[in-house]
Amino acid sequence: MNGLLVLGKSGQLAQALVRQAPEATFWGRADADLSDPQSVVARIRDLRPATIINASAYTAVDKAETDVAAAQMLNATAPGVVAQAAADLGIPFLHVSTDYVFDGSGDTARNEDAATAPLGVYGRSKLEGERRVAEAGGQWVVLRTSWVFSPDGANFVKTMLRLGTERDQLNVVADQIGGPTEAGRIAAALLEMTRQMLADRQKGGLYHFAGAPDISWAGFAREIFARAGLACEVRDIPASDYPTPARRPANSRLDCARIAQDFGIDRPDWRADLDTVLKHLGYMT
Ligand SMILES: NC(=O)C1=CN([C@@H]2O[C@H](COP(=O)(O)OP(=O)(O)OC[C@H]3O[C@@H](n4cnc5c(N)ncnc54)[C@H](OP(=O)(O)O)[C@@H]3O)[C@@H](O)[C@H]2O)C=CC1
Ligand SMILES: Cc1cn([C@H]2C[C@H](O)[C@@H](COP(=O)(O)OP(=O)(O)O[C@H]3O[C@@H](C)C(=O)[C@@H](O)[C@H]3O)O2)c(=O)[nH]c1=O
Ligand SMILES: [Mg+2]
């Protein structure tokens, strides 16, 4: 894609974009440090990109509870400043957010109009980022996704593969339900949305996008071990038996009808994507 700037280089989404749009410009923290967003804006003005995708974030959910300023800077302040610069340049800005903006009550899927109420610092900072991107005006997308996995970076699949080879039994939370989403699918969705936004300058807004079917972390872990051929038994536990600094939503189900309707993008089946990622990591599936 011509003139695409991606903020992020080594992260899960950034690496997926490297594979799908190698001609784009990728700036990691060493190239453009978003803890100093004004310096990044200066570099953006020099580069004059045609589109910006923000694949950078503070994603350490538990660490964020005590590292509030850094989470706020990366997830809220910087996206707002860069979105404003994009609006000033008249170019599309695509941003990514999370199911953790919700409190996870109930057991039905939430659409984009559902009330937000984050349970922790990460979710609050991401929600603030959403607001700032929208308030910057211009042509923007905020894509809320969930439970991202890929061969790169840190994610639940890689954690399970590590623990599954070390242990023959693992306790995993069974009362949190969501949609695991392969990073390559998010990259493809963002690139398709970019194409459609450039063709129709009215397009944009807030969208949900997650893999299907919805499952618990325990169910996801079981599927990971089965497909990777690891003999590790998963035991269902309630979240109350797995204390963490940050609370996580019990119901992370995202209703993804709007992106299908407006952009023709459907929920990907994470089970097939899991096989692809496992192959990439050297597992026979
Ligand atoms: N991971 C998940 O399960 C989920 C993620 N999301 C959202 O998806 C998006 C992508 O997440 P994901 O790919 O998993 O994130 P990762 O944690 O894998 O990658 C984070 C990225 O942020 C960049 N970054 C961190 N600090 C800075 C900084 N100070 N300056 C510049 N860049 C920085 C990193 O840069 P560098 O390339 O230099 O390392 C890296 O590319 C985020 O908005 C996240 O909130 C939403 C739902 C679930
Ligand atoms: C390692 C482990 C985790 N768990 C639980 C803890 C937690 O409830 C759940 C997932 O743990 P993780 O820490 O991998 O997941 P977490 O970092 O909370 O993942 C989230 O990251 C952010 C960035 C998002 O935006 C979310 O969509 C979501 O993907 O699994 C177990 O029950 N047993 C275990 O052995
Ligand atoms: Mg984590």
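Predicted model: local features only at pLDDT ≥ 70, side-chain atom pairs only at ≥ 80, totals over all residues.
Residues are numbered from 1 along each chain as its sequence is written, while chains are lettered from A and ligands numbered from 1 in the order in which they are written.

The chain contains 10 helices and 12 strands, where helices (H or I, at least four residues) and strands (E, at least two) are DSSP runs numbered from the N terminus. Its radius of gyration, taken over C-alpha atoms, is 18 Å, close to the 19 Å given for 285 residues by the globule rule, so the chain is as compact as a globular protein of that length; the rule is 2.2 Å times the number of residues to the power 0.38. Along the principal axes, the C-alpha atoms fill a box of roughly 55 × 40 × 35 Å. Of the 285 residues, 48% are buried, a residue being buried if 20 or more other C-beta atoms lie within 10 Å of its own, exposed if 12 or fewer, and partly exposed in between, with C-beta atoms placed from the backbone.

Strand β3 (residues 51–54) pairs in the parallel sense with β1 (residues 4–7) over four bridges and with β4 (residues 93–98), also in the parallel sense, over two bridges; pairing requires that DSSP find at least two bridges between the strands. Leu5 stands opposite Ile52 in β3, and Ile53 stands opposite Leu94 in β4. Thr51 and Ile53 point one way from β3 and Ile52 and Asn54 the other, and all are buried.

The buried residues of α4 include Ala71, Leu74, Asn75, Ala78 and Val82. Gly90, which follows α4, has a positive phi, near 75°.

Ligand 2 is surrounded by 20 residues, the closest being Thr59, Thr98, Phe156, Val172 and Val173, with a residue counted as near if its C-beta atom, placed from the backbone, lies within 6 Å. Elements giving two or more residues to this shell are α6 (156–166) and β7 (169–173), and β7 gives the most, with four.
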